[in-house]
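Trainee: Could you show me how to read aromatic rings and their surroundings in a model? I would like to go feature by feature.

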Amino acid sequence: MDVKSRNHLLLNRLALERDIKTSYVMDHMITDQVLTLQEEEKVKAQATQRDRAAMLINIILKKDNNSYISFYNALLHEGYKDLAALLHDGIPSITSYDRKDSTDGVAFCVRTILCEGGVPQRPVVFVTRPELVNEIRQKLYNLRNDPGWVTVYGMAGSGKSVLTAEALRDQSLLEECFPGGVHWISVGKQDNAGLLMKLHNLCSRLDLDFTYAQRPPLNIGEAKDRLRLLMLHKYPRSLLVLDDIWDSQTLKAFDNHCKVLITSRDRSVTDHVTGRKYEVHMESGLNDEKGLEILSLFVDMKIKDMPAQADKIVRECKGSPLVLSLIGALLRDFPNRWEYYLRQLQNKQFRRIKKSSSYDYEALDEAMSISVEMLNENFKDFYKDLSILPKDVKVPTKVFCILWDMEPEEVEDMQQEFVNKSLLFCDRNGKSFHYYLHDLQLDFLIEKNREQLQIKLL
């Protein structure tokens with residue numbers, strides 16, 4: 001272990017021994033393969049919590065840099081942020097340890113940087129999509145020397161956040177473009193009070209020595225100014241990740257001439273911010289092979305051993321990572337319900353497809369309806385009319401002109417609003433515009449408007 005790292009442990013050992021509970025911390029370190037089961041038993045054998053903490057620190061002091069970093073990460077994960085801050089300055093330099101000494105192919109230095117910045121860990125069930133991950137990385141390289149925006153956009157549950165986090169697990173990218181670190185903030189839908197709190201929390205996280213934090217900011221403008229000073233003077237070569245941005249007004253609060261990646265369902269959210277802009281469209285569907293791989297990981301079975309319903313479920317999920325994740329999590333808990341969940345998918349019983357997963361939504365209908373509810377009130381009824389679209393057919397602008405009695409320009413302007421928010425897809429062939437829905441979006445609209453559609457048919 002580096003002398004600096006060892007000294008930080010010794011200097012802060014009394015605070016560490018007094019406060020930490022060792023069991024969960026050791027779980028992380030065993031996963032990182034820096035602590036053995038025999039060493040864990042040795043710690044557990046101590047009589048008191050403080051004795052156990054003292055024994056763990058004694059063991060770490062005899063180990064290498066990887067153990068220090070693993071211990072630091074474990075403190076962060078288990079809510080000991082104040083204690084982790086005591087050890088922060090003792091973290092070994094990025095070249096002090098093996099790049100590839102990691103159980104998941106990610107170097108300890110990368111894991112430390114991302115953990116410190118609040119970047120989400122990989123989901124328990126993770127299937128990579130290398131083309132999209134590489135595209136995100138390529139766009140991020142454009143921010144190496146200049147500030148700007150990278151927007152990763154797509155429909156609900158397409159994997160924007162998961163694949164963005166995966167793209168950041170790259171040591172070369174971090175060293176060359178963002179040596180100041182990565183700072184991830186989950187934004188979501190916010191009113192002014194909520195946005196002010198998000199900004200304040202971010203500034204507090206960045207301003208560890210309280211250089212700019214004499215008091216909490218009184219308003220969004222003051223918080224924006226404080227964040228600008230922090231990014232300019234303390235983190236000029238860092239990346240700010242704003243996850244789940246819903247509107248351009250929220251984004252303006254972070255428009256500080258820095259390097260920013262955002263995830264959003266709305267492609268147009270960066271229309272009113274300054275700087276260079278780059279986009280990555282998150283494709284809405286996985287192929288059948290990837291879909292089966294997700295299910296197999298959830299139920300812990302080889303693909304060839306899964307029942308015949310597996311192929312049908314994947315086809316009914318239309319390649320949606322969200323739906324596949326929900327179904328897989330349900331089947332993990334209820335392994336005999338393959339036929340039942342297939343039937344719910346076929347009958348469009350979205351409310352019954354409900355389960356906590358690696359995504360932010362517990363039910364399929366919730367994930368879809370929240371995007372529709374965020375539409376301008378004047379557009380909602382027009383969007384519901386799209387339930388009459390046939391599946392797998394791209395409909396030209398002139399059909400909607402007849403349906404809504406509008407000029408082509410009016411139709412295209414409104415449809416672009418739906419396209420920007422990942423609620424509709426557009427195939428542009430020269431000057432011609434053809435529109436279509438993802439099958440799951442169409443199924444959702446039909447289910448929501450079933451009664452109205454029956455009345456119209458009558």
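Trainee: Which residues form one aromatic cluster here?

Mentor: Good place to start, and keep in mind that this is a predicted model. The cluster is made up of F382, F400, W404 and Y435.

Trainee: How is a pair of aromatic rings described?

Mentor: The description rests on the distance of the centres and the angle of the planes. This structure holds seven aromatic pairs. One of them joins F400 and Y435, with 6.0 Å centre to centre and 80° between the planes. Planes over 60 degrees apart count as edge-to-face, so the F400–Y435 pair is edge-to-face.

Trainee: Where do F400 and Y435 lie in the chain?

Mentor: F400 belongs to helix α20 (residues 397-404), while Y435 belongs to strand β8 (residues 432-436). They are 35 residues apart, and their pair links distant parts of the chain.

Trainee: Is F400 buried or exposed?

Mentor: Buried means under 20% relative accessible area. F400 has 1%, so F400 is buried. Y435 is buried too, with a relative accessible area of 1%.

Trainee: What lies over the face of W246?

Mentor: That is K189, at 5.7 Å from the ring centre. Have a look at Y340 as well: the charged end of R337 sits over its ring, 6.0 Å from the centre.

Methods
Residues numbered from 1 in each chain as written. Predicted model: local features only at pLDDT ≥ 70, side-chain atom pairs only at ≥ 80, totals over all residues. Heavy atoms only, no water. Phe/Tyr/Trp six-rings, centres within 6.5 Å; stacked < 30°, edge-to-face > 60°. Helix = DSSP H or I, 4+ residues; strand = E, 2+ residues; numbered from the N terminus. Buried < 20%, exposed > 50% of the residue type's maximum accessible area, 1.4 Å probe, protein only. Lys NZ or Arg CZ within 6 Å of the ring centre and 35° of its normal.
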